[in-house]
Amino acid sequence: MLVLELLLLIFVLVVGLSIVWSTLQTGISPMMSSGKACRAMLAAGNNPVDGPLVDLGCGWGTLVIALAREHPRHQVIGYELSWFPWLVSLIRKYSLRLDNLTIYRKDFTKADFSKASILFCYLFPEGMVALHEKLQRELFQDILIVSNTFALPSCQPITVTRLNDVYHTPVYVYEWRSTCSW
Ligand SMILES: C[S@@+](CC[C@H](N)C(=O)[O-])C[C@H]1O[C@@H](n2cnc3c(N)ncnc32)[C@H](O)[C@@H]1O
């Protein structure tokens with residue numbers, strides 16, 4: 001019994017430390033979008049054109065799984081760097097048999113968005129700057145971007161929905177290129 005308890009304690013410590021480490025590395029914890037934020041983000045992207053729906057930092061899979069269920073005919077992609085949330089989202093994907101969902105343990109700044117139809121994110125200010133720089137360098141087609149809480153620099157959102165929560169959390173929707181300055 002003591003050995004089991006010790007192993008469990010070591011596991012919890014390793015997972016906890018890995019989450020702290022990846023939070024320091026990426027700049028954001030794997031905090032999930034609230035139910036209200038998920039619903040607002042799903043509503044903002046409810047009419048996707050052809051091309052994958054992509055969650056930039058899918059955490060425990062909260063949003064990416066909701067997207068895959070809502071759009072069974074669309075390919076849905078999640079990128080996540082933190083290994084334990086990535087593993088949990090992968091287990092959720094397989095247990096729900098979501099064949100249209102692919103989850104990569106990869107830095108989204110190294111991914112190719114050229115075929116994506118909508119990018120979803122819940123990042124942090126510096127992460128939004130990094131995303132803006134990547135889009136400026138690499139993305140030359142029109143694309144929708146839906147961001148929970150954080151705005152994309154130098155871009156005018158086409159809509160801002162304020163959630164009915166204590167922070168009146170904004171959900172921004174952008175049309176990349178047409179409403180962004182270079
Ligand atoms: C606040 S969570 C959002 C989780 C999920 N998208 C949701 O809305 O519930 C942000 C996640 O982005 C991940 N992340 C941050 N920068 C990343 C990067 N460059 N590449 C991949 N994942 C990243 C973090 O590890 C974290 O799990």
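Strand β1 (residues 53-56) and strand β4 (residues 118-121) run parallel to each other and are joined by four bridges. Here, helices (H or I, at least four residues) and strands (E, at least two) are DSSP runs, numbered from the N terminus, and two strands count as paired if DSSP finds at least two bridges between them. Within this pair, Leu53 has Ile118 of β4 as its bridge partner. The model is a predicted one, in which local features need pLDDT of at least 70 and side-chain atom pairs count only at pLDDT 80 or more, while totals for chains, interfaces and linings use all residues. Residues are numbered from 1 along each chain as its sequence is written, and side-chain values use heavy atoms, with hydrogens and water left out.

Seven strands make up an open sheet with mixed pairing, in the order β3-β2-β1-β4-β5-β7-β6. At the edges are β3 (101-104) and β6 (159-162), each of which pairs on one side only. From one strand to the next, the twist averages 15°. Helix α3 (residues 62-70) packs on this sheet and touches β1, β2 (76-79), β3 and β4, where contact means heavy atoms within 4.5 Å. The direction of α3 makes about 170° with that of β2; axes are lines fitted to C-alpha atoms, for helices over the stretch in contact, and angles run from 0 to 180 degrees between N-to-C directions.

Ile118 stands opposite Leu144 in β5.

Strand β5 (residues 143-148) is largely enclosed by the rest of the structure, because six of its six residues are buried. Buried means under 20% relative accessible area, exposed over 50%, and partly exposed in between (1.4 Å probe, protein chains only). In a regular strand, side chains alternate between the two faces of the sheet. Both faces of β5 are covered, with Ile143, Ile145 and Ser147 buried on one side and Leu144, Val146 and Asn148 buried on the other.

Lys93 belongs to helix α4 (residues 83-95) and is buried, with a relative accessible area of 9%. Not counting residues up to four places away in sequence, Lys93 touches Ile65, Leu98, Asp99, Leu101 and Ile103. The C-alpha atoms of Lys93 and Ile65 are separated by 7.1 Å, although the two residues are 28 residues apart along the chain. Ser22, in helix α1 (residues 2-26), is buried at 7% relative accessibility. Leaving aside neighbours within four places in sequence, Ser22 contacts Gly27 and Ser82.

Finally, the ligand is surrounded by 19 residues, the closest being Met31, Ser33, Gly57, Glu80 and Asp107; a residue counts as near if one of its heavy atoms lies within 4 Å. An N or O atom in the side chain of Ser33 is 2.5 Å from an oxygen atom of the ligand. A polar side-chain atom of Glu80 lies 2.6 Å from a ligand oxygen atom.

Terms used:
A polar contact is a pair of N or O atoms within 3.5 Å; within protein, one must be able to donate a hydrogen and the other to accept it, and residues adjacent in sequence count only if both atoms are side-chain atoms.
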